[in-house]
Amino acid sequence: MYVKKECIAMLLAGGQGSRLYDLTKQIAKPAVSFGGKYKIIDFPLSNCINSGIDTVGVLTQYQPLALNEYVANGAPWDLDRMRGGLTVLPPYQGNKNSEWYKGTANAIYQNINFIKQYNPDYVLILSGDHIYRMDYKLMLEQHKKTGAVCTVATITVPIEEASRFGICNTNFDGSIYEFEEKPKVPKNNQASMGIYIFNTKTLIEYLEADEADENSSNDFGKNIIPNLLHNGEKLYSYKFEGYWKDVGTISSLWEANMDLIGDEPVINLGDQHKRIYSKNTARPPQYIGPKAKVKNSLISEGSRIFGTVENSVLSGGVVVEAGAIVKDSVIMDDVVIKKGAAVYSAIVDADSVIEAGQTVGVENAPKDNITVIASGSIVAN
């Protein structure tokens, strides 16, 4: 039995994340560790429950095992509901065809029946690979007030970076008159965040038309949004002014982790009114040895520190032996950094071992020159 919902969320979490290189060879980008004790997908899932949205379809595709196991029944985010809750939606074989998700719009199209069973008035489309906290209720309230058929969340980005995004050109009232997907010469710097609210009827109508178009890329930014504007539909921009980071590159992932540390971090995860929930691994408390030196760092449960850690983020179960140095780095679960080893400006993925006396990375390296060590690696002579 399905209960009608005012708004449900569809979370696109099947991305390969090829620009994260070794970090996503075996897992999807939303399953990548972040901030010591989180996964990237924790952020949109937490935003949903904090915004009163209790029905979320998670669309998976690339390397789904780790992600499916992590989200499971949605309990850590209070999404283990009898009516609604979290549902994993992989590609499936129908009686007429069987195919991978061809694009963001096609992924939603293949799950129209999931949407219809809740008969929602509105559908919230989300991406599973961004770090941010957002109250979707406020966006929904604006959507209703303006009478839009689609509202696009936007954020101001540096003009020199605007060509990496879909750009919304708007009138003074926030209505969108033009959408440019990654323009070479952007007209402004209001970038789409990949977050949309649609009236359900309009969404289904345009998804079906898009699927029938053999020349379509089946993408929201390239096809659905431009088609809406071409047909004179009412679209509005919702300007978001909080922290938001697309962590689709090594440098952006490293930088977002660095934004968590400091006396006044750029993104503060300690706000109890907007908590970010995650799966609890039930590790023992961390241990800081009597001769250890820890400065401006996040150290997660189960870690044992005997050496020096500065300006770094350490996930659970990390061991830093005596004489070892970790600076300006992100160290993921169960990494062992042995005696006398040094790790500088690096991201070291889970279950890796840096053998005694080895050096990883370059001290004080710029953010576009971060060293990456793949999961399960052994760095030795």
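A polar contact here is a pair of N or O atoms within 3.5 Å. Keep that cut-off at hand for the first stop; the model on screen is predicted.

**Stop 1: S252**

Select residues 250-258, which form helix α8, and find S252 among them. Show the side chain of S252 and the backbone of D246: the side chain comes to 3.1 Å from the backbone oxygen of D246. Leaving aside residues up to four places away in sequence, S252 touches K245, D246 and V247. Is S252 buried or exposed? Its relative accessibility is 8%, so S252 counts as buried, the cut-off for buried being under 20%.

**Stop 2: helices α6 and α7**

Select residues 200-212 for α6 and residues 220-230 for α7. The two helices pack at an angle of about 120 degrees, and their axes are 11 Å apart. Their crossing is right-handed. To see the contact, show T202, L203, Y206, L207 and D210 on α6, then F220, N223, I224, N227 and L228 on α7. Sorted by class, this contact has six nonpolar, three polar and one charged residues.

**Stop 3: the five-stranded sheet**

Move to the open sheet, where five strands with parallel pairing run in the order β15-β18-β21-β24-β27. Next select residues 342-344, strand β24, which pairs with β27 in the parallel sense over two bridges. Which residue of β27 is the bridge partner of V343? Select V360 to see that partner.

Key: Residues numbered from 1 in each chain as written. Predicted model: local features only at pLDDT ≥ 70, side-chain atom pairs only at ≥ 80, totals over all residues. Heavy atoms only, no water. Helix = DSSP H or I, 4+ residues; strand = E, 2+ residues; numbered from the N terminus. Buried < 20%, exposed > 50% of the residue type's maximum accessible area, 1.4 Å probe, protein only. Polar contact = N/O pair within 3.5 Å; in protein donor to acceptor, adjacent residues only side chain to side chain. Contact = heavy atoms within 4.5 Å. Pairing = 2+ DSSP bridges. Axes fitted to C-alpha atoms, helices over the stretch in contact; angles between N-to-C directions. Left-handed = near helix turned anticlockwise from the far one by under 90°. Nonpolar A, V, L, I, M, F, W, Y, C, P; charged D, E, K, R; others polar.
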